[in-house]
Amino acid sequence: MSIKSDSFTIFDASKNSEVVEQVKPGQKMPLIPSLKLSNPLHWAKDRHDCSSPSLLSARPMTPLSEINLSADDLICQRRMRSFLQNVRNATDHDTLYTAFETCPHSNSQISNWIHSGYESLNILLQKPKEYPWMQISALSNPQVMEQLIILQSILEKPPYEKMSQEVDFILKYALSIAAEKKEGYEEIGKLLFVADKNPKGLLEQSFFWRGREFVDWINKSLFHEFHRIKIELKNHYEAHTKTGIQPADLAIKVLLTKEISQLLLTQEGYLNAGLIGLIESTFVDPAVKDVQVDVELVSKLGMLQRCPHIRNSFFTIGIPSSPKSSASTLIHSTLETTQQISKNETILSALTAYLSHLRQGPAGSCFTTSLAINMLAARPEECIKDFNALLTENALTRTVDGIKIQFPFLLNAFDEYINKKIKVDGYGKIIQESEKTAYLWEAPGLIAAGKAMGVSNLKSVLLALLNQNIKKSQKYVELSPDFIIHAMAYSSEMHQRGVLAFESQVGNPLLHAWENSIAGMADSTESGAIKLAIINTTLSALIPQLNYSKHLVDSFYANLNSELNKSVRLQYDPTAGSEKKGRDNRSNFGGFVLYDRNDSNKITEWIRVDSPQAYQKFILKQSLKAAEKLPQTEGLKESLEVEILSNKFLNYAIRSMHHRNQSLSNPLDSINELKHTPWMVLGGNNPKKILKIYLELDQLPTTEKFLPVNAQHLLEKVIELGKNSSHKPGELKNPYLITPVRTPGIHSFSLMLGHPTLMHAWEKDVDSGQWMQNSVIEPGLQIANSMADTQLKTKLIDYCIKNFFVGRNSQHFLNRYLNFPADLTIQEFRNHLSSALSDSLPSSKKIFSKRERLIDTEIYHLLPTEKQNILENSAVHFADTNWYEGIHDVHFCFVVNPGTGKLEIWEVSDDGKQLDAADQSWLSDHEWEIYEPFFLEKEHIDTQTIS
């Protein structure tokens, strides 16, 4: 239909539909200030009427009849036609640059656009239609151009393709915004949203266009979607809180990344970056700006908004090679869908992974997790390419010594909630300390698991399961989510899907698959430490037992060595292991499991070798293949079978595998307690070797090693690294300027050279020693030397009795306490307390150290609020540990221990509100190895994003 108007009425939404001005033909449109959304995360306070026009800003429109072209515009059009024709004919960068010489824009401007990543914009500009490409191409803002081109691509598809008059109106409206509004990027983003998500509604509104009502309808449509999401988040939070199986705070952060991804992704596979500003102001509470999961989300959204090359990376993502592939399972788990996977759903999974927050969890995967965190922060495009490879090819591919090797992933993931014990009565009611009424089938994690496994009636299935496992005399039974999912599964694959869907409530499956694939890189070559140990162990256990000629044995040795190198693959399994804590005192699971490649590149066809019997079967298989290549094998095959299937061979192989096993007379008797066997090695790996393969480097990355004497020495070293850095001061203020570091054999993590608490240490005129004294040491000493009040002393004594004297007589300790001097500083009181405990509870050095850490942490908790604040504000965050507590990342910091008055390393939450005394053996007992900060790519860092 044709739209004509003699005048156009403008309403200001902030003035409740008050008429601001009547605009007549030829008159320029006035500008109306933008109004921000209210923050719907404040659920309890936010009760706005969705129909209120003040909720979203109403942008003015130019009357369509007033979009006229001047003589200059017509000249620009003719030049643009020539330019577009040249661009269409361009086949490479050189001819593309030549084409730009005819463009109405300046050559430098076009060149900047290309180098900024707008090459896909050039491709889109080659569309055959002349209108409205001329007007779009004449704009000076490439972001707006990109939005308009995406809009046009949507309007060329059903149901728009036959509605020419309505489409013409929509395009003219978008062009009028682009031509007149600095805020056009956001406004076109809103229009693009409704065009993509609600085409029927937009066509109706275009047909019945009534000026202000059209603008209000667009705004209300977006607000209704935001409102739906906040209600969804609220319900999700309440469901997790009610059932208490998985943490609600973490679950809504995971759900939020999915909802944001769905908002941004159009049906055409493009990203509607014009919505990002509104999304940030709506869903990220500024009050929690120090919480790293939110800081990272804002940073990544900012990069998506500013960097077209990152946005373009998602559009190139394909679809899984098979509907039954591991990648398909990842997508189904992420999106909680069982339908056939489309390209858009694959992109959605990758986008959700990119926006998600990666943490280590209880598995000892620090050697990979820390590197992956660095990659996500500094090289997002490469990460997205990896996501694409995993989702389409089920593996990463790297060139190693001139040979392309695929690195697949295990679907095994692990979180601490899968084995959590749940008390449930016979009616399915969950028994909790909070006394909330909740039932097992209401738990979001179990709902997701049931859906992934095809369970149609979860309540009936769970009631039947309870009936089988609870006796009449019992009031309740304790079950873990893993037990429940396993009981519902008909196969190991079904169980795996259920577990993955359950864990997807609090983590991202694709991120975990990505780091799992990277973890296998260190032992992919013949020089891999674990692979080499397994092969050498096997050969040394078997070859000396063969009573044949030297020539035959040597030939067999060479053949078997070759077969093992072809067949042995090590996959990192985060679920391997036991409850015993590792040397970092945090992780207790994870290890490398032997797999038989079975002459296939598909991990689904590999054979897992994770037991003594499976190992014997695998070695026998490779030995027989090696023997078949020999000309004379009479009796050899029979000898091999007898020898390899014997306990003698197993015991010898286990003892040869690691020096800690050598003293065992019969290793098979303690097989479940061993960390190093020829089929499974519990622990991590060398991150330098992983980096060499992952980044396809010619040599191992450069590192600097040093042994800190104490905390002050380490802090001085960190400051020195920052001051000697080649990065600009603005970059050093970026919390995502992180550098890999490790304490070999203990932990791999990241230095945070750009953390705000270190910001002033990098200033040129600041004396680092004086800064350290004034900002860190003196505030802490002020607290340590303050008087210990009666409340602190009595509560600390009670804490010691309750925690250290369980089943023991505490009278001697209390007598010592009664003889303490009356007036003591906090530091003095702690010293007396430590001495009294040492006399009353003789123990090893390790137990004594752990006890003192608990006391120091409790002293911090017992401090008055104002002293806690002083201590928290003086803490210098210098490293990201990869660990987390709920939604909070755990950092290492430098702070004065209020119990000792010494500068120490402590653990601290990312918001600085929780301090915990750390084991000081992180210092003088361990060497520190700091990597060259090659991760940082300056074009990806924008310090204004995080301020």
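Student: What counts as a salt bridge here?

Tutor: A salt bridge is a side-chain nitrogen of Lys or Arg within 4 Å of a carboxyl oxygen of Asp or Glu. Side chains of opposite charge can pair when their charged atoms come close. Keep in mind that this is a predicted model. Take arginine 608 and aspartate 610: their side chains meet in a salt bridge, at 2.8 Å from N to O.

Student: How many salt bridges does the structure hold?

Tutor: The structure holds 33.

Student: Which residue forms a salt bridge with aspartate 573?

Tutor: Arginine 608 does, and the closest N and O atoms are 2.8 Å apart. This pair links distant parts of the chain. Aspartate 573 sits in strand β7 (residues 568–577) and arginine 608 in strand β9 (residues 607–609), 35 residues apart.

Student: Where do the side chains of aspartate 919 and arginine 853 meet in the chain?

Tutor: Their salt bridge has an N to O distance of 3.7 Å. It links distant parts of the chain, 66 residues apart. Aspartate 919 lies in the loop between β18 and α38 (921–924), and arginine 853 in helix α36 (residues 845–862). Aspartate 919 is partly exposed at 29% relative accessible area. Arginine 853, at 15%, counts as buried.

Student: Which residues are linked in a network of salt bridges?

Tutor: Glu563, Lys566, Asp599, Lys625 and Lys629 are.

Student: Now strands. Why is β17 said to be largely enclosed?

Tutor: Look at burial along the strand. Seven of the seven residues of β17 (residues 903–909) are buried, so the rest of the structure largely encloses this strand. Then check both sides. Leu903, Ile905, Glu907 and Ser909 point one way, Glu904, Trp906 and Val908 point the other way, and all are buried.

Student: Which strands pair with β17?

Tutor: Strand β16 (residues 888–896) pairs with β17 in the antiparallel sense, over seven bridges. Valine 896 stands opposite leucine 903 of β17. Strand β18 (residues 915–917) also pairs with β17 in the antiparallel sense, over three bridges. There, tryptophan 906 stands opposite alanine 917 of β18.

Student: Which residues of α20 are buried, and which are exposed?

Tutor: Leu458, Leu462, Leu465 and Leu466 are buried. Seen down the axis, the buried residues of α20 fall within an arc of 100°, so they line one face of the helix. The face turned away from that buried side carries the exposed residues Asn467 and Gln468.

Student: What covers the buried residues of α20?

Tutor: The cover includes β5 (422–424), α19 (444–452), β6 (477–479) and α21 (481–488).

Key: Residues are numbered from 1 along each chain as its sequence is written. This is a predicted model: local features need pLDDT of at least 70, side-chain atom pairs count only at pLDDT 80 or more; totals for chains, interfaces and linings use all residues. Side-chain values use heavy atoms; hydrogens and water are left out. Buried means under 20% relative accessible area, exposed over 50%, partly exposed in between (1.4 Å probe, protein chains only). Helices (H or I, at least four residues) and strands (E, at least two) are DSSP runs, numbered from the N terminus. Two strands pair if DSSP finds at least two bridges between them. The arc is that of the directions from the helix axis to the C-beta atoms. Contact means heavy atoms within 4.5 Å.
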